[in-house]
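Visitor: Please take a close look at a single part of this model. I would like the helix packing, and then what surrounds it.

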Amino acid sequence: RIVKHLILGGVWFFLALLSKEYAFALFGILPVGLYLFRREGAVYLKPMLVLVGVFLLYGAIRYDAVGFGAGKVDRSALDPLNEPYMFAKSDERKASKLNRLDDYLVLLVYPQPLSADYSYKHFPYSKFRFNGANIGVWISLLIHLGLIVLAIRLFLKKHVMAFALVIYLGFFSLVSNVVFDIGSTIGERLIYHSSLGFSMALAWGIMWLAQK
């Protein structure tokens with residue numbers, strides 16, 4: 001039975017990677033789950049070997065097809081609808097991306113208003129300045145640094161909330177524009193997988209309040 005689950009898990013992970021490389025986040029999230037929820041005396045070497053094996057297989061296929069390097073980008077051929085930060089200066093680009101992070105949290109709590117397209121000029125460029133127009137940059141930065149520190153502390157305590165935060169931050173990191181440029185400022189659909197972690201944290205919070 002265990003072998004059957006390992007095979008099925010490996011197949012689903014491989015299909016997920018073929019469907020969208022976004023599934024790469026599972027390579028970090030699943031081991032965290034195994035560590036946090038492992039039973040006493042259980043050994044999880046086999047599941048880890050399956051994950052690594054599938055990931056290497058996918059990596060070999062990807063390299064054979066398109067390689068790993070990104071070719072030189074012709075900045076003059078870019079379209080602001082697909083590269084909303086192309087007219088931003090270096091500091092504006094970084095500040096604007098940070099300023100958008102907490103927008104996802106706001107939309108998860110209160111999804112209104114929604115938009116089909118948050119592209120060029122939907123949000124004005126931000127700067128690293130301590131004034132009313134740019135205070136959101138620092139608020140967003142502090143919130144997410146706080147979430148990362150909290151996730152680490154809860155992980156060390158093997159608290160269930162650590163898994164919720166890892167799911168949220170793990171998936172979110174790939175679509176946040178901080179690690180990779182995604183060609184958009186934000187997109188409600190991009191927070192879909194992270195919303196699982198948000199829902200877990202919300203459910204835990206409701207249960208905690210009910211017990212109190």
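Guide: Contact here means heavy atoms within 4.5 Å. The model is predicted.

Start with asparagine 99, which sits in helix H4. Leaving out residues up to four places away in sequence, asparagine 99 touches Ser126, Gly136, Val137 and Ser140. Buried means under 20% relative accessible area. Asparagine 99 has 9% relative accessibility, so this residue counts as buried.

Now the helix pair. Two packed helices are described by the angle between their axes and the distance between the axes. For H4 (residues 90–99) and H5 (residues 101–109), the angle is about 15° and the axes are 4 Å apart. Angles under 35 degrees count as roughly parallel. H4 and H5 are therefore roughly parallel to each other. On the H4 side, the contact uses Lys97, Leu98 and Asn99; on the H5 side, Leu101, Asp102 and Asp103. By class, this contact has three charged, two nonpolar and one polar residue.

Next, the largest nonpolar core. It has 33 residues, of which Ile29, Tyr104, Tyr168 and Phe172 touch the most other members. H4 and H5 are among the elements that give two or more residues to this core, along with helix H2 (26–37), helix H6 (135–156) and helix H7 (160–175). H7 supplies the largest share, 13 residues.

Take tyrosine 168. Again leaving out residues up to four places away in sequence, tyrosine 168 touches Tyr104, Leu105, Leu108, Ile191, Ser194, Gly197 and Phe198.

Key: Residues are numbered from 1 along each chain as its sequence is written. This is a predicted model: local features need pLDDT of at least 70, side-chain atom pairs count only at pLDDT 80 or more; totals for chains, interfaces and linings use all residues. Side-chain values use heavy atoms; hydrogens and water are left out. Axes are lines fitted to C-alpha atoms, for helices over the stretch in contact, and angles run from 0 to 180 degrees between N-to-C directions. Angles under 35 degrees count as roughly parallel, over 145 as roughly antiparallel, 65 to 115 as roughly perpendicular and the rest as oblique. Ala, Val, Leu, Ile, Met, Phe, Trp, Tyr, Cys and Pro count as nonpolar, Asp, Glu, Lys and Arg as charged, and the others, Gly among them, as polar. Buried means under 20% relative accessible area, exposed over 50%, partly exposed in between (1.4 Å probe, protein chains only). A nonpolar core is a set of buried Ala, Val, Leu, Ile, Met, Phe, Trp, Tyr and Cys residues joined through side-chain atoms within 4.5 Å.
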